[in-house]
Amino acid sequence: VPFVAGQLAPEFKNAPYFNPEIIKIGDVIDNAYCATSEDCLTIDQTHFDRNSLIKMGERYADIILKQVYGK
């Protein structure tokens with residue numbers, strides 16, 4: 001079963017510490033992938049805004065479509 005981890009919002013105060021590690025998830029867990037939060041914005045420095053939620057959802061979907069369905 002594939003696993004997709006999403007990065008924290010870039011504006012979040014701890015993102016500089018966690019996001020570089022999250023992107024490496026596939027190096028330590030088989031069949032794990034990362035949806036990056038690049039170019040995403042927040043409403044309060046923590047939670048993604050509407051457009052960024054859509055963007056993240058599309059990134060998750062793209063990963064699953066490629067890894068599970070080969071598309």
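Begin by selecting Leu65, Val68 and Tyr69, which together form a nonpolar patch on the surface with about 290 Å² of accessible area. Patches are built from residues with over 30% relative accessible area and no salt bridge, where nonpolar side chains (Val, Leu, Ile, Met, Phe, Trp, Tyr) are joined within 5 Å and like charges within 9 Å; accessible areas come from the Shrake-Rupley method with a 1.4 Å probe, and for residues only the protein chains shown count as cover. This is a predicted model, in which local features need pLDDT of at least 70 and side-chain atom pairs count only at pLDDT 80 or more, while totals for chains, interfaces and linings use all residues. Residues are numbered from 1 along each chain as its sequence is written, and side-chain values use heavy atoms, with hydrogens and water left out.

Now show the whole chain as a cartoon. The protein has three helices and two strands, which follow the pattern β-α-α-β-α along the sequence; helices (H or I, at least four residues) and strands (E, at least two) are DSSP runs, numbered from the N terminus. Along the principal axes, the C-alpha atoms fill a box of roughly 35 × 25 × 15 Å. Of the 71 residues, 27% count as buried, and the accessible surface comes to about 5,000 Å², of which 57% belongs to carbon and sulfur atoms. Among contacts (heavy atoms within 4.5 Å) with a separation of 6 or more, 52% are between residues 24 or more positions apart.

Next, select Asn19, which lies in helix α1 (residues 15-22) and counts as buried at 9% relative accessibility. If residues up to four places away in sequence are not counted, Asn19 touches Gln7, Leu8 and Ser37.

Move on to the two cysteines, Cys34 and Cys40. Why does Cys34 form no disulfide? The closest cysteine sulfur, in Cys40, is 11 Å from the sulfur of Cys34, which is too far for a bond, given that a disulfide is a pair of cysteine sulfur atoms within 2.5 Å. Cys40 is likewise in no disulfide, and a search of the whole structure finds zero of them. Both residues count as buried, Cys34 at 16% relative accessibility and Cys40 at 3%.

Then turn to the loop between β2 (32-35) and α3 (50-69), where Asp49 is found. Asp49 is buried yet has no salt bridge, and the nearest side chain of opposite charge, Lys55, is 7.4 Å away; a salt bridge is a side-chain nitrogen of Lys or Arg within 4 Å of a carboxyl oxygen of Asp or Glu, and for charge Lys and Arg count as positive and Asp and Glu as negative, with His and the chain ends not counted. Leaving aside neighbours within four places in sequence, Asp49 is in contact with Leu41, Thr42 and Ile43.

Stay in the loop between β2 and α3 to select Gln45, which has a positive phi of about 70° although it is not a glycine, and which is partly exposed, with a relative accessible area of 46%. Most residues other than glycine have a negative phi.

Finish at Asn31, in the loop between α2 (25-28) and β2. Asn31 is not a glycine but has a positive phi of about 65°, and its relative accessible area of 35% makes Asn31 partly exposed.

Technical notes: Buried < 20%, exposed > 50% of the residue type's maximum accessible area, 1.4 Å probe, protein only.
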